[in-house]
Amino acid sequence: MRSERKTTRAAVSAFAILFSAITVLSGSRLRAEEQNLPEDAQNITSRELYHGVTLTSFALSADSKYGLNKVSVVEFDPAQSDLYIDVTNMAEYSDTLKTVEKTVAEFNEKNGEGKTAIAAVNGDLWMVSYAHARVEGAGTTYGGYSDAVVTKALTVPRGFNMYGGEIITSAHMSQETPFEGAFQSFGFTADNKPYLGQPTVTVNVKNVTQNTDAEKVDGINRLPAKNALVMYTDKGALSHYALDEAYEVVIDCAEDYVVRHGAAIKGTVTAICKEGDEDLPMQANRIILTARGSRPTSRIESFQVGDEIEITVSVKDLFGNDEAWQNEIVNAVGGHMVFANDGKYSSIGDSTTYPTTILAETNSGTVLFIQNDGRQADYSLGFRFSDYTRLAQEFDIKNGFILDGGGSSTLVALADSGYELVNRPSDKDENGNYGQPRSVVNSVILSYGTDRNAPEESETASAAPAETAGASAAGGSGLGWKIALIAGSVVCFIIAVLLAVRAGNKKYGKDK
């Protein structure tokens, strides 16, 4: 009888230990406390958006060293082989503004690669009409500059951006408006390896027919600023809204071209648009060289209709990772105010508070989308620029910079019934309530799709049905893992109960 009691107690104890271990193990995958968060963080919540992808939200009180703030963080390992990172606006031209939610919806509908968005944040800043894109007749003055730049606002991204292996914009030119500091970019290779860099693009245009020296272009899909020669591509804008005095050379290519390092794009001059002429619109496989000012115009005014042209592109990274930016990176988003570079932290400003979106790589190799609401006195103030060095230390950031912020700061994430706007943007709706999403120039999207390391389809065809049955669109293999844990817990519980009942029956003489 005593041995039976020991057996029963041992079985129940084993079950309790196993169940506790399973519970702790399951919870540990989602415990926010295991992440690197500010020590003042309160009201921490965490959930798994997809296997290996965690969304953590927390609050900072008014008494904390950061002041009153609401923060959300998406963290993931970019090396996970079924995750993908894209920079896009899912539009025909890069000057199109859309909300992050709209871009995510179109990404899922049109990406054509079997990828489904998990989370997304707003991307780069863009050239706004009240500052850099100074519209003719508007009388805009910014930073001491009041010269007109365009006839209508042109909202191109400010930094170096790549969508799916093609350079969409080179970085901001000084001719547009000298800016206080340089623009950097975060780039991602095909297998998601992140690089923080400051890529510069050199474009040379050679008139093959005339066999003259190559002419250097100042920027790709930038504003048609004075004293600049800009190359517009069929990924830029339908119209660049250049002022009337612009001198333009229209080049049409026989084949689809891709602007990237090492490209040699060939085309034929099909039109010359001089001062006062009507500008031709952009179309597929077209390039338009636009010059304003005598010196830039002199570079291309000898070109004639029918001339054969060759355009070459090269990229250099001022941070020293030339090979990556030339041959490996396929998606890149522009940003500014680098506060962490290779583990070295630097102050980026004063005590001004600001709603912020941060893109960062940690010392452990994970990538963070950090979103911080602001400009809402009783809800969230926004981080101070002077806080970023301390934030970098608490989040264990190796490389980090700011994407667009203010009313643009947006985080969208996968939810049970689709997607949710995680934060409360500082723009107001028509009723005066905070939380109105702003249309932005591009988004950074984390998605899941086919495992890059999976065997060829012929090797996995027989196993595919079983694998598919064990995963869900929202939870992937993480859901299967949880189901296995729950099932194991139930089985252990049943065994323990049966052992206890059997021991009890023996005790009371009921076991036959």
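What is the volume of the largest cavity? In this predicted model, the largest cavity has a volume of about 40 Å³, the volume being the space filled by probe spheres set on grid points that are joined across faces, edges and corners. A cavity is a set of points, on a 1 Å grid over the protein atoms alone, where a 1.4 Å probe fits but cannot get out; lining residues have an atom within 4 Å of a point. The structure holds one cavity of 30 Å³ or more. Its lining consists of Asn-36, Leu-37, Val-73, Glu-75, Thr-362, Leu-368 and Phe-395. By class, four of these residues are nonpolar, two polar and one charged, where Ala, Val, Leu, Ile, Met, Phe, Trp, Tyr, Cys and Pro count as nonpolar, Asp, Glu, Lys and Arg as charged, and the others, Gly among them, as polar.

Residues are numbered from 1 along each chain as its sequence is written. Local features need pLDDT of at least 70 and side-chain atom pairs count only at pLDDT 80 or more, while totals for chains, interfaces and linings use all residues; side-chain values use heavy atoms, with hydrogens and water left out.

The protein has eight helices and 27 strands, assigned as DSSP runs (H or I, at least four residues, for helices; E, at least two, for strands) and numbered from the N terminus. Of its 512 residues, 49% count as buried, that is, under 20% relative accessible area with a 1.4 Å probe and protein chains only.

An open sheet of mixed pairing contains eight strands in the order β11-β10-β17-β15-β14-β16-β13-β12. At its edges, β11 (215-217) and β12 (219-220) each pair on one side only; pairing requires at least two DSSP bridges between two strands. Strand β10 (residues 199-207) pairs with β11 in the antiparallel sense over three bridges, and Asn-204 has Lys-216 in β11 as its bridge partner.

In helix α2 (residues 100-110), the buried residues are Val-100, Thr-103, Val-104, Glu-106 and Phe-107. Their cover includes β4 (83-88), β5 (116-122), β25 (411-415), β26 (418-421) and β27 (443-448). After α2 comes Gly-112, with a positive phi near 70°.

Asn-442 lies in the loop between β26 and β27 and is buried, with a relative accessible area of 1%. Beyond its neighbours within four places in sequence, the residues in contact with Asn-442 include Val-87, Asn-122, Pro-157 and Val-333, contact meaning heavy atoms within 4.5 Å.

Terms used:
On a 1 Å grid over the protein atoms alone, a cavity is a set of points where a 1.4 Å probe fits but cannot get out, and a pocket is an open set with protein on both sides within 12 Å along at least five of seven lines; lining residues have an atom within 4 Å of a point. Buried means under 20% relative accessible area, exposed over 50%, partly exposed in between (1.4 Å probe, protein chains only).
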